[in-house]
Amino acid sequence: MRTIAVRYIIPLFCLGLLLTGCKDKEYAIPAPENAFQNDCIKRTLGPNVAGLNIEFAYAIALPATRGKIVSAQVEASIAGEAATYLEHRSYYTNGSGEDVGIAIGDPSSNEGNVTRVNFIKDTNAVTLRYFYAIPRSAQGKEVRFTFSAKSSTGETVSYSMGPYAVSRMDMVLDLPVKNGDACFISVADMAVYTEKEASANPDKIDLVYLHRAITGVTFGHALVSPGANAEYLPDVVLPPGVNKITKVRKTWNLRDFHLARLQYGIYIDDLDFEQLDMNGSPDYVLNLKSEAGTWVETADGKYRAYIYMNKVDDAKKSATISMKRYTLK
């Protein structure tokens, strides 16, 4: 009898439990809460870099029987740049997938760390976008946000977001470089200089942009250290004192989203610069194409950078570059 129980009854009992456990539960539409409610999501991805925005969507709702929304605000732990704002329009997505905004209040105002919108329409449910313009004063720190709203009855709700680390990186976009003209690149200043300007700032020049079409040599668009062998700077006359040897390394398929602004979801972050090993890197890179990039370490070891080639023009011997820079010391 014990054998029969072990062989047949116990397995059937277990199977019954299993079938019971797998039975689907019927879905029920949640009952709306009779309460003033709010919720928030962060919309932006990647590292938080000074000069860029951190974007949020803040949703607020309350039943009509509990009044209407009269104001909404966001308090940041570090005041954002003047461009920081809270949308005064509530957005919904139409059937074509387009965001459509409906004004519910006056444009927001900034008072210190607080950004506020006062409502001018009877509103019981909105989703407002908040754009925090990251200030340089936040670099290397963490920032937090408190979203809150007030109803016509004096009731309030709030929602905390963060903390979010702000990168130590600096970034500059779309610098034009041109062979024989604006061709002297300063990582320290994140700028491009002409020969005259380079003569006035010789200690700031880390790279020379040039373009050459040499028979039998694949040269093209190049970034070369001023102190590199002269064969990599053909027909280049350097201003006095421009002679640094900068480590550079070419790379492909690293289309940082902030620099490239293309569809690739790749981001260079602080850690990439910290872990970068530039030992043995050359002092020149040749044959750069659009969407190529170059890791850089300055001669004094103070800065590392990533220079991205947004576009190149063979005929005009020019290019557009963007740069992320990390300060090591």
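1. Buried means under 20% relative accessible area, exposed over 50%, and partly exposed in between (1.4 Å probe, protein chains only). At 39% relative accessibility, Arg 261 counts as partly exposed. Its phi is near 55°, a positive value in a residue other than glycine. Arg 261 belongs to the loop between helix H3 (257–260) and H4; helices (H or I, at least four residues) and strands (E, at least two) are DSSP runs, numbered from the N terminus.

2. This is a predicted model, in which local features need pLDDT of at least 70 and side-chain atom pairs count only at pLDDT 80 or more, whereas totals for chains, interfaces and linings use all residues. Residues are numbered from 1 along each chain as its sequence is written, and side-chain values use heavy atoms, with hydrogens and water left out.

3. Lys 317, in the loop between E20 and strand E21 (318–327), also has a positive phi, of about 50°, although it is not a glycine. Its relative accessible area is 38%, so Lys 317 is partly exposed.

4. Lys 311 is located in strand E20 (residues 303–313). It is exposed, with a relative accessible area of 52%.

5. Asp 283 occupies the loop between helix H4 (270–275) and strand E18 (284–288). Leaving aside neighbours within four places in sequence, its contacts (heavy atoms within 4.5 Å) include Val 224, Ser 225 and Ile 245.

6. The peptide bond from Gly 162 to Pro 163 is cis, with omega near 10°. Pro 163 is part of strand E11 (residues 156–165).
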